[in-house]
Every structure is written in C-alpha cells, then in structure tokens.
Amino acid sequence: MNVIAKRPATYDEDGPSQDAIAGFYDGMRPFWHPVLASRELAGKPVGVRLLGRRLVLARLESEILALGDVCRHFQAQLSLGEIVKVAGRAALQCPYHGWTFGAGGQCVRIPQLAAGRKIPSSAHLPSFAAQERYGLVWVCLTPEAKYPVPDFPEYDDAAFRKIRLEEAEPSRTSSTRMIMGTLDDTHFPWVHEGILGDRDHPEPPNHRAWRADNELIVQYETEQPAGLSTAVVGDTARQVTVKVVYKGHVGMPNVIRLVKTMDHGRYVVWLATCPVDFKTSRNFWIFARNYDLDPDRDAAYEAISAHVRLQDKPIVESQRPWLIPPFWTQIELPMGPGDLPLVEYQKWLEELGISTGV
C-alpha cells in the first residue's frame, strides 16, 4: 500500500481564499472592536469600516448610534447626513430624502409619508452595540460580545503619564498580524537594534504563557539597551543595559497591553487594533509611564514610539498570507521555545474560529 505524504498548503500571495476571509469575519464578529477616537464623533455622523462593512456612527445625546451606512429608502450613505431634532430628540437624517433614524435605528420621520399614515416597521434599521472606553468608540456586530473590552488599569491611574500615538494611515495588514507583531519579542534585536535589543545577543528569553479569563498572559525577564522606555533619565550615559520584566496581556483577539517593569518604574505599551477588513487595520496606541513625568518630556516619548512603530510597519505589512494561517497548513514554521507566546496566541485564534484557512 502506497502512503502519500501530506504536503503543506499553498496560498495566493494576492489574497486569501473567500472561505478564509469569511472565517476571519465570522470569527471576529462577536468581539468589541475599536473603530474611532471619541473626539472624532462631535456634532456630525462619521462613516467607518469594520470587518469589510460600512458603518455610520452618530452621537445622539448620551447614546452612540451605530448602523449600517445605508438608508432604508434608496441606500444613500447616512454618514453624509446630519444630526437633527425630531420631537425634541436627536436623530440621524439621511441627506437624500430626509428619512430620519433615532435610538436603536428606529425610523422617526419620513417627510414624504402621506398624512395619517404610520411609519412602517420595515423602515427601521438594525443597530449595533456601541460604547466608549479609553477615549475610543467600540462596536460589536453581534447581539452579545464574547468578552468585555479588556481592562487598562493605567488609563485612569493618575500616577501614570499617558500619550497617544496617532497613525497617519491604516496599516496594510490584518489586525491579528498587528497583535502578533507586538507580542513577538524575538524580533527586537533585528528590527530595533540598540533600542530594544542587541544582535550580538539574540537569545530568546524564558517565556511563561497562560490563559486567564479573556486574556493570554506572557511573562519573561530580559535585558535591553538603556533608553527612554527603560532607563532613568540622566542615567543612560552610565547604563549600558537595563533589566526588564515584561508582562504582556493579550485581550482576545485585538488588544494587547505590554507592561515593562524596571527598578525605577513601569512603562506600558497599549494597542487596540480595528479590523477594517482582512488586510487593513486601524491602530490606536497609548503609552503610559509612572516616571519622568514632566509634560515637556512627552514629545521625546512620542518620537521614540513613532520611530519604533515605523521600523515595524514595512515588515509586518510585508507578511503573507494576509491572515495568520492555521497550524495544519504548515505554511509558517514557529520555532520553540522563543515563539511560545505566538504559538499560544495562534492556538487561541484557531479555537475561536478566527484562523480557519488560507
């Protein structure tokens, strides 16, 4: 009897299969996704994209309305409309014929409706859950989210100085690739030499990885070059390396919080990434520190954060396939023990039905 050896899967570099894209979208739907900075939602509707579909967001008094970005009438974009008052309550008015939608997507006005006729229930639009946390608007496309928005304790802690990194454009990669790239520490000597690593010492740290509730937690100790995110200001001239304890919290599947603990304090890297579609992500970064708290120092921290991000960007955007392939495909070759955090993240993606094919 001849035995045929199983060969690794192949993939199209121009894009994943429709089945893989559908699996990614279906798997990502039941989670909270950051789609917009809260400050952008002021006085007018805003159109966004999430998991390949167009949405419109509008602030109606204390509620954020999230709908598909098409009017029930003739499918014009509601994000081109305006916020108006109907019976004293804020509502979203379509720019085409004035159909207007209030809380929960209820159609509250049709200007062309004949006198005495009620608005039909078929005029209403389905709405999606939306909330604000950490200065961002989050949307879930299913009636109930699988997990809550992950905690970010440093955000409301007055002991920490916070800065945001605004990216000029979306990243040409999947949101899961963004999380994996931020979780990956063995690239530090090669991509961030002199800042986060040293090519003469590329040995991976001894990782521990475990799950707790809705998080993947990774912890390890390492030494890094002295710099803004590691050394006390003024000491970098006499410090060559600094001992750092990393603890990474991955809020499945789209948020990561890296806490760097040194003798003098803590530095936190927080990323929440929006899956615009299968190969585009919009990234929201916050960096927090409980040392060197002079506000005048923020610009220096913002500059080094942007520099590190720009070092990563072309490499992560170059990765193919666009979506992280399941282990069974044998397309990628994780190498233990250094890749333990990435293997554990990928295992969970497969369990959640997010990583399904190529």
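Tyr155 counts as partly exposed in this predicted model, because its relative accessibility is 24%, which lies between the limits of 20% and 50%.

Across the whole structure, a search finds 13 aromatic pairs. Another of them joins Phe31 and Tyr147: the ring centres are 5.8 Å apart and the planes stand at 50 degrees, so this pair is also tilted. It links distant parts of the chain, 116 residues apart. Phe31 lies in the loop between α1 and β1, and Tyr147 in the loop between β10 and β11. Phe31 is buried, with a relative accessible area of 1%, and Tyr147 is buried as well, at 18%.

Aromatic rings also meet charges here. The charged end of Arg320 sits over the ring of Trp322, 3.5 Å from its centre, and that of Arg211 sits over the ring of Trp348 at 4.5 Å.

I turn now to the largest pocket. Which element gives the most to its lining? That is α4, with seven residues. The lining has 27 residues in total, and Leu196, Val269, Phe287, Val308 and Asp312 lie nearest the centre. By class, 16 are nonpolar, eight polar and three charged. The space in this pocket is about 450 Å³.

Notes: Residues numbered from 1 in each chain as written. Predicted model: local features only at pLDDT ≥ 70, side-chain atom pairs only at ≥ 80, totals over all residues. Heavy atoms only, no water. 1 Å grid on protein atoms, 1.4 Å probe; cavity = no way out; pocket = protein on both sides within 12 Å on 5 of 7 lines; lining within 4 Å. Points joined across faces, edges and corners; volume = space filled by probe spheres on them. Helix = DSSP H or I, 4+ residues; strand = E, 2+ residues; numbered from the N terminus. Nonpolar A, V, L, I, M, F, W, Y, C, P; charged D, E, K, R; others polar. Phe/Tyr/Trp six-rings, centres within 6.5 Å; stacked < 30°, edge-to-face > 60°. Buried < 20%, exposed > 50% of the residue type's maximum accessible area, 1.4 Å probe, protein only. Lys NZ or Arg CZ within 6 Å of the ring centre and 35° of its normal.
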